[in-house]
Amino acid sequence: MTENMSRLLRLVFIAAALLVPLFFASGYQLFQLTLVVAYALSVLGKNLVTGFGGQVSLGQGAFYAVGAYTAAILMEHFDVPYWATIPVAAITTGIVGLALGLPALRLGGLYLALVTFAMAVSVPQLLKYKLFENWTGGVQGIVLLKPDAPFGLSLDPDQWLYLFTFAVGAALFLAASNLVRSRIGLAMMAIRDQPLAAEAMGIELARYKTLTFGVGALFAGVGGALGAIAVGFVSPDSFTIALSLTLFVGMVVGGAASISGAIYGAIFIVFMPNIAEEISKAVPGAIFGLILILFMFFAPGGIASLVAAQMRRLRLTR
Amino acid sequence: MEGFLHQIISGIATGSIYASISLALVMIFLATHQINFAQGEMAMFSTYIALTLIQGGVPYWAAFVITLVVSFVAGIILQRTVLEPLARAPILASVGAFLGLLLIFNNIAGWMFTYSLQPFPSPFGAGAPILGGLLSRHELGSTAVTLLVLIAVWAFFRFTKLGLAVRGAAYNPVSSRLVGVPVARMLALGWGLAAAIGAIAGMMVAPIVFLDPNMMGGVLLYAFAGALLGGITSPLGAVVGGVLMGVIENIAGAYIVGTELKLTTALVIIVVVLVVKPTGLFGKSLASRV
Amino acid sequence: MKRRTVLAGLGGLAAANIIRSADAATVVGVTKTEIKIGHICPYSGNASSYGVGGKSHTAFFKRVNDLGGIAGRKINFISLDDGYNPAKTVEQTRRLVEQDQVAFLFNPLGTPTNTAIHKYINSKKVPHLFVATSADKWGDYKNFPWTMGYAPSYRTEAQIYGKYIKAQRPNAKATLIYQNDDFGKDYLHGLQDVYGKDFDKVFVKVVTYESSDATVDSQVVTMKDSGADVMVTACIPKYSAQIIRKSFDIGWKPLHVMSNVSASIASTITPAGPEKAEGIVTSSYLKDPTDPEWKDAEDMKEWRAFMAKYIPDGDTTDANYVYAYGVASIMLATLKQCGDDFSRENIMKQAANIKTVALPLLLPGMSAATTPTDFRPLKALQLQRWKTNTWERFGAIIGA
């Protein structure tokens, strides 16, 4: 009974999250929420790799950039319609993730952190490089046009983009949720918690680790593509190490080993800087850092763990 | 040929900048088994404290010592107030805290000291070029200081009971407590020492790159890479790794791929080395009991 | 029951939104009592040194309000942080235009950041005035009629340097170091404009650096190694200072032509050491606040008084404050020219019709002017050479 009720509750939330902003939010707010979905997908990828898989990756921003530029290059140089760029971005980033994952995962812990950190730092330099300039637009970047609603639907571009992004996001979140509950997900968690025991049980560490890394990259790539279409612009300066660190913050604040945590995390990273700015114009970064530390104190497992604890308490008292 | 030699020497000088922060990172790692991402920003902040003292009329070496002490104490306070409460939380929470500290130090430094570039005095004199222009007196002096700190750190861990206690507290807190080591105090001590090392690094670096709140931003990655390249558990490795990073970066930029890709190239080289020797050049592999 | 009230409330909110957007004719953000101005710059992140611009403007417009405002209206200056991240710039711009409904956007900072909002703001027909970036493309009045630049472009500046070097050192072997972004690349293009096919022959070595690099010592060694006797640097103060220091340390004395972004005495020359900077050539259009030559200039005294009263903790050696004061002054002049008509069309029209205004803190002989086919208020530069403790200007004013 309670299982069905909680599923119903979740569906209601999801429907509300889609419909309420669609009809009542301003264009600007819809834009922000579209970004939230894009970042949520990237944070979700991180959660899969780090939270469920136990691998530290600081380079999610690099995959976000790959997805974003894939979409941009396809739209700009090949006239590919925006919706078709999403699957291409997904596959491209997934392959890049697998390719980078293979050597990177021989190293563990700190070393993986360094390599992924290095990836993220190198991205702007690579994007600006002479050889790729004709494709990437070099330091000038690429400007994209916002798509209009299809089939003559009476939605303006912001509303349509939100609907589109939400739909893609929801599909991927569902896929992630299923993945985590599947055998693969269990294997990932086993590797995270007890790698030696897992190996002894016959789970091929290398294969699952690489797979997880690739999936995480894929999610970030889709997020990047969606984000690029929403913002309408890509340039090397949009994808510095700051982006990877921001996504990392999103994961930690939202809750690393959780699917819904990605959403809380994304909301945090989109809206908290604005709040920090309200508090202090002079040192918004410091305020953000302070709030981050406070979150670590009061919700070390992330917002998702707080929410889960509350829900558990409610069910117990009912 | 002269240019090549010059690049190497210049690389060693730049590398010892990275090496000094690598040392602080290694110190923190040996003491707490964590990497403090805010190490660079803390070093920068310490340097500003030193500058404020010097501008206020305090002679250089007195300011140097005061800054060391202040940084040491600040490191201990940070560990007690920010890190200790997170000791039982998942490791990611600590990393989140490090990132928060990084943001706070950087932004506050900019607000308190402005973003204008500041010259920082060198205790070694700013005279005419020596060694035919290959090195400046300060670069020579700061490299010597880095080596001194290295020897001090190595000796501390190798020869003193306190050093052993600090390492033991990080490796095996339970057993350490059983033999009477005050684990919490050892962690705090480790932080204090790392902060002090960082302060020295900052004061050696500032005359070369000039002081501004973003001084350490570019250094941290190379320092991190250098520490891992050399072996995160080895102070000597940290210094060698850091210096190597400087040399590789210079050679890559000048002769291999040009300055536009030197960052990427240097990091690719690191990855290759690590894949071949995963614990770094001087690191020891840790066998863990199942 | 509760659900119905909630829905009714939401419905009312939606209706109010619709009514608000219908109201937006061409007069937006201006009422009988206030003018809303939007501004974006990095207050956080590693470009936050430019956040002083926002601080200066906020104080400047506060002074305007203290002195009675414009046409009886107070200025409501809304400045937001984008952390130099173009995605965030888009978000903040949309907030200013769609939510806060500002009259126009003033002096947003950065090339990639402004590029990100370029199309949007022109499609929304919002004046995008005096952008804080000297990249070449902001004077394109045909395709982007709502965007106007301000300072002389980097490319023009580099062309001036190219011509100077050609005249002074016709047989030079030169080298160039530039920051690997829009700003630095403009210098490369400007020099290529002047030298054409000969560029590769004359510039024997071209190197770059990233704004996240710790040092450029290696690049200096590379440049010396190339045997060049002329060095052009397109760098921000931190790296210019390092280059001056390093070239001195390795005993290399080329003719050093430096981007005027680094012309600030306090930010570049003082840290590097004035004696090491002897002979450096750069250009300027602003008075340097630490130059003894302007100690008693009227406009400098007025600016210092402004800083003392409105930004007492501000660093008066920071040339960013001087820049900000100048651009805010041209904004004020534009608004005064509007009379009582603050529609977006008129604001843009007045901005494109500035008649030779001698802005405070410009070098003597320089002024700002725009026409409907000339969207570059400042065009003039003058070359100057570092001598002992000050910039010695020489030659004619170029490009006036």
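How much of chain B, out of its 290 residues, counts as buried? The share is 59%, where buried means that 20 or more other C-beta atoms lie within 10 Å of a residue's own, exposed means 12 or fewer, partly exposed is in between, and C-beta atoms are placed from the backbone.

Before going on, a word on the model. This is a predicted model, in which local features need pLDDT of at least 70 and side-chain atom pairs count only at pLDDT 80 or more, while totals for chains, interfaces and linings use all residues. Residues are numbered from 1 along each chain as its sequence is written, and chains are lettered from A and ligands numbered from 1 in the order in which they are written.

**Chain B**

Chain B has 11 helices and 0 strands; helices (H or I, at least four residues) and strands (E, at least two) are DSSP runs, numbered from the N terminus. Its C-alpha trace spans about 60 × 50 × 35 Å along the principal axes. A compact globule with 290 residues would have a radius of gyration near 19 Å, and chain B agrees, with 19 Å. That radius is taken over C-alpha atoms, and the globule rule is 2.2 Å times the number of residues to the power 0.38. Of the contacts in chain B with a separation of 6 or more, 74% are between residues 24 or more positions apart. Two residues are in contact if their C-beta atoms, placed from the backbone, lie within 7 Å.

**Two sides of chain B**

Chain B touches both of the other chains discussed here: 35 of its residues are in contact with 34 residues of chain A, and 33 are in contact with 33 residues of chain C. Here is how the two sides of chain B divide by class. Ala, Val, Leu, Ile, Met, Phe, Trp, Tyr, Cys and Pro count as nonpolar, Asp, Glu, Lys and Arg as charged, and the others, Gly among them, as polar.

| Side of chain B | Nonpolar | Polar | Charged |
|---|---|---|---|
| touching chain A | 29 residues | 5 residues | 1 residue |

On the side that touches chain A, helix 4 of chain B gives the largest share, 14 residues. Helix 9 and helix 11 (262-276) of chain B also supply at least two residues each. On the side that touches chain C, the largest share is 7 residues, from helix 1 of chain B. Other elements giving two or more residues there include helix 8 (183-209) and helix 10 (235-256) of chain B.

**The core**

The largest nonpolar core has 321 residues. Such a core is a set of buried Ala, Val, Leu, Ile, Met, Phe, Trp, Tyr and Cys residues joined through C-beta atoms within 7 Å. Val222(A), Leu23(B), Leu25(B), Met27(B) and Ala225(B) have the most contacts inside this core. Helix 8 of chain B gives the most to this core, with 19 residues. Domain 1 and domain 2 of chain C both give residues to this core, so it lies between them.

What does Leu25(B) touch, not counting residues up to four places away in sequence? Its partners are Ile35(B), Gln39(B), Ala223(B), Phe224(B), Ala227(B) and Ala238(B).

Over in chain A, Gly224(A) lies in helix 10 (residues 205-231). Gly224(A) is buried, with 33 other C-beta atoms within 10 Å. Gly224(A) and Ile86(A) are 138 residues apart in sequence and 9.3 Å apart in space, C-alpha to C-alpha.

**Chain C**

Chain C is divided into domain 1 (10-152 + 300-379) and domain 2 (154-284), with bounds that come from an automatic or database domain assignment. The centres of the two domains, taken over C-alpha atoms, are 32 Å apart. Where they touch, 10 residues of domain 1 are in contact with 11 residues of domain 2. The domain 1 side of that contact has 5 nonpolar, 3 polar and 2 charged residues.

Chain C also has an open sheet of 4 strands in the order 2-1-3-4, with parallel pairing. Strands pair if DSSP finds at least two bridges between them. Strand 2 (74-81) and strand 4 (128-129) stand at the edges with a single partner strand each, so one side of each is left without a neighbour in the sheet. Strand 1 (residues 34-41) and strand 3 (residues 104-106) of chain C pair over 2 bridges, and Gly38(C) has Leu105(C) in strand 3 as its bridge partner.

Is helix 10 (residues 265-272) of chain C mostly covered or uncovered? Helix 10 of chain C is mostly covered, with 7 of its 8 residues buried. Among the buried ones are Ile265(C), Thr268(C) and Pro271(C). Their cover includes helix 9 (237-249), helix 12 (319-337) and strand 10 (381-387) of chain C. After helix 10 of chain C comes Gly273(C), whose phi is positive, near 115°.
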